[in-house]
Amino acid sequence: MGRLRLTVDTPGTAGKLAILAIFASSFSSHAAPAPLPQALFVRGGFNGWGTSDALIDVGAGRYQARITIYPGYHGFKLGSADWSTEWTIAAAIGDAISPGADTPLLTHAGAETHLFVRAAGSYLFTVDVSAAPAPQLRVERLGAAPAASAGGPDPHSAGAGVISLDWPTWDGQHDTTRFSSPKPAAALRDYTISTTMTLRDRRPPFVRLRERPADAVSRSGNLAFDALFALANHEMHQDAVSAIRDGNYNGGQPIACACFETGEQWHYVWTRDLSYAADLGLALLEPARVMRSLDFKLSPWRAGLVQPAAAGGSADGLQILQDTGSGGSWPVSTDRVAWAFGAARVLDLLDGARRAAFAARALRALVNTVENDRLAAFDGSDGLYRGEASFLDWREQSYSSAIGDDIASLASSKALSTNLAHFKALGLTAALAREQGRLRDADKYRHWAGALKDAINARFWLADAGMYASLTAAHFDGAPLHKFDWLGQSLAIVSGVAERAQTDSILAHYPHGPNGPPVIFPQQPGQPIYHNRAIWPFVTAYGLRAAAIGKNVAVADAAYASLIRGAALNLSNVENLEWLSGQPLLLDDAQPALSGPVINSRRQLWSVGAYLGMVIESVFGVTADASGVQLKPFITSRLRRQTFGAAERIALRGLRLRDKTIEVVIELPPAEQADGYYAVAGVTVDGVRSAGAIAWQRLRAHSRIVLRLGRLQAGRQAITLVAGAPDARSPALYAPAEPQLRLAGPGRVAIADAAAGTSTNLYRDGVQIASGLAAGTYAIDGAGGCYTAEAVFAQSANRSHHSQPLCSGTAIEVAIADAGPWGAPGASRRIDGIEISSAGRYQVQLRYYNGSNQINLGISSGVKRLSLIDGAGATIAAGVLVLPHTRAGASGSPANFSTPLTAQLAAGSYSARLDDFYNMSYLEANRNFSGAGGVAGPSNQFTLFGIRLRKASASGDLHDLHDLHDHHDNHDNYTPP
């Protein structure tokens, strides 16, 4: 069995990572624990990291759990219900255990270990606490797991008119889904859906479900299409709960909330998941429940907490929660503003007093959020917001390898998707401010939104690629990277940031595989399947919206096919799929750590919202806002031909919008072989012709809207198609690894041996200064600067991430001798003795250690305001610095630096002052969080070791490189100052 490393922060949407939380235990690894101090559970990917598998006392100091585990490379730990106690495997032992071997345990928090399961089986976990010098874990395979119930009577035996859908598989076979209903003519149908595909976790290969009287139903002449819409409705109801829970909140006990949980394996409300799901389709059907769920993600300051003086907004501090995540949450991640996508959609569907109350509360929360994001995350030098990419929050999956241990660099980078979420939030804030008579505020936020749109187009657009860069590199580099993600591209189109030509270019250029568009492109080498190498249906659904806006028929057809296939074969709207095979789980026997998707929840909320939206908005064309109902179906000739066949019309019945119940009927033209889409030729409302939006007052309590489709329009057909074997590592599909770069002496950089088939581009301070370089040593003219390199595949031109910046030039550091953590709420401190000998632009950072929680978790990122004060007492520069969680065990050699503050300094003496700002632990909603910053009170602390001022190079002082291959001098061990 392989022992390859799979990083500790396994899955992500931020906040979901908290379910994998690793919190420090009060138990020493040198103690001899007996008996267990509290109930422990085997918690891992195989049981949703939940508490279903308790370790039971069997005597003689042994505790056991028998668990059925299905195929996968599963991370796991031993943990208490609230994660206050953890037992883990020492990192030195490796990242995977061998069944049958005794493995010593550490009785404190640490990295998860892994178990590779090729075939489903029953496993016995035994913990022996009597073993010395430490408790031991043994995992044994007892035998094969019972097979899923595939035999017995045909599940469709009672059905009438069974129909089948077939799909080719990546390995030359095919999978089939069958659909039946005992009474197809009934007003409300029962359905049976079965699949021949092997389902993840060995579930029965069929489901049964029933349409509900209060639900919208599809009647399309295609039983499969109708059944899959009913399945999405069914799963929406499954996700509608009266209480939510998470092991990190409320001691793992239920929290009353008539909300939407995130999925079968995710029982909490997470900000971005909910918001995107609501925007895609949930809000159309359940606006009140969505509103309650959105409200759950708002929080004021903690009771008794004095608002930090540097913070903005109203005194109560009501704002949007950033869920737990990378480096301790906000402002490492700043996409909490994605809340605005869901809120805007809900506000379109609500009316009367309920809408007015929510609109007022939403405006207050949005103002406080955008004002504080402006202080903590906005970069005035380029007009963009810093922070991790929205949704792509397992950083090794889509960022450079160095980011794994350098979360401050993650915090200072910029992401397309996150900036588009800020754009959405600013637009909604401006609209609500105007609606509520706050005209000056409305103008301010509208101006901020317009400037941000310009900055996104100026900074992220890559003309040579015809798409937006997903990311910029971090501080000391900042270049837009040739990395692309489908959510960001799609949101740019949907939000109106992309202009017409950019829309056409994006849709034509973003690569699509045989089963749909991958979440990112190119794929990351050496990473398992989750965001990397994956299709996520909710992202595909945003791509479908973008395709409809751009009238791109080929991209829309790919999205329809991907969404229908994924739901049909999996009998659920699952979280994700491997992108080339379309499988819910693809095992890699040669490299088990690359198997995946690592986690794949059924009835994932945003996948459910995606499918509902596909049917209601994209096929039937229904959207709604304050003015009324709009109808803009995007039915392609392929969808009409292959899905609706001989049907002359399709209908959506029982759709409830506000206090109206409507039926939407689309009259179809004859099917055609040519590709294109059908324009709407006419609309009637209750038999009366209509044009444009249908005002709410024109609709009766029960109305019938009929759309007649006209001639086929060619639309746009451009699409980029790629393919390959899932287990291949083709340069056409992957990026190369980052090259190795080092300073090889004054005025020299060295590029280590490049991977086969690559060349290297060199950057200085984020500007490319050379391309096509081979391995070797090169002269660099000019004083100072920070250098990075990227590898480029010759075959595909796919590029790596940039290497970590190497900076030469002057640096000043003033040591600080803190004995332990500092930074309690309200605390301030002064740092003296800063002497600047030469004037210039300086990047100022704090050297620190923050071990409040694991590096990928929690709510306790250090967030403080730094001011630089000259000898006359004048403040020369000030801004918020972020000091995220650092890798556990790094306190003895603190090489961690905060995000930088840029300051133009004259020669002279200076001091620095640190004042409190805030993080998510200051909010009332996190009072019952089990880790740092929760039940024990706010946590915004870290240990300081120094303040560093690095003089930046003069801009524009870039020169050509000179090859020094023949100059092997004595500078190979040169260390930069």
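Modeller: A residue counts as buried when its relative accessible area is under 20%, as exposed when it is over 50%, and as partly exposed in between (1.4 Å probe, protein chains only). This is a predicted model, in which local features need pLDDT of at least 70 and side-chain atom pairs count only at pLDDT 80 or more, while totals for chains, interfaces and linings use all residues. Residues are numbered from 1 along each chain as its sequence is written, and side-chain values use heavy atoms, with hydrogens and water left out.

Biologist: Is Ser329 buried or exposed?

Modeller: Ser329 is found in the loop between strand 18 and helix 4; helices (H or I, at least four residues) and strands (E, at least two) are DSSP runs numbered from the N terminus. Its phi is near 75°, a positive value in a residue other than glycine. The relative accessible area of Ser329 is 0%, so the residue is buried.

Biologist: Where does Pro597 lie?

Modeller: The peptide bond from Gly596 to Pro597 is cis, with omega near 0°. Pro597 is placed in the loop between strand 27 (577-578) and helix 13 (605-619).

Biologist: What is the relative accessible area of Arg658?

Modeller: Arg658 is not a glycine, yet has a positive phi of about 55°. Its place is in the loop between strand 30 (649-657) and strand 31 (660-667). Arg658 is partly exposed, because its relative accessible area is 25%.

Biologist: Which cysteine is joined to Cys257?

Modeller: Cys257 is buried, with a relative accessible area of 10%. The S to S distance is 1.6 Å, and the residue joined to Cys257 is Cys259.

Biologist: What is the handedness of the disulfide of Cys786 and Cys807?

Modeller: Cys786 and Cys807 are joined with an S to S distance of 2.0 Å. The pair links distant parts of the chain, 21 residues apart: Cys786 is in strand 42 (residues 785-793) and Cys807 in strand 43 (residues 806-808). Both Cys786 and Cys807 are buried. The torsion about their S-S bond is about 110°, so the disulfide is right-handed.

Biologist: What radius of gyration does the protein chain have?

Modeller: The C-alpha trace spans about 85 × 70 × 65 Å along its principal axes. The radius of gyration is taken over C-alpha atoms, and the globule rule is 2.2 Å times the number of residues to the power 0.38. For 977 residues a compact globule would have a value near 30 Å, which agrees with that of the protein chain, 28 Å.

Biologist: What share of contacts with a separation of 6 or more joins residues 24 or more positions apart?

Modeller: The protein chain has 14 helices and 53 strands, and 62% of its 977 residues count as buried. Contact means heavy atoms within 4.5 Å. Among contacts with a separation of 6 or more, residues 24 or more positions apart account for 71%.

Definitions and conventions: A disulfide is a pair of cysteine sulfur atoms within 2.5 Å.
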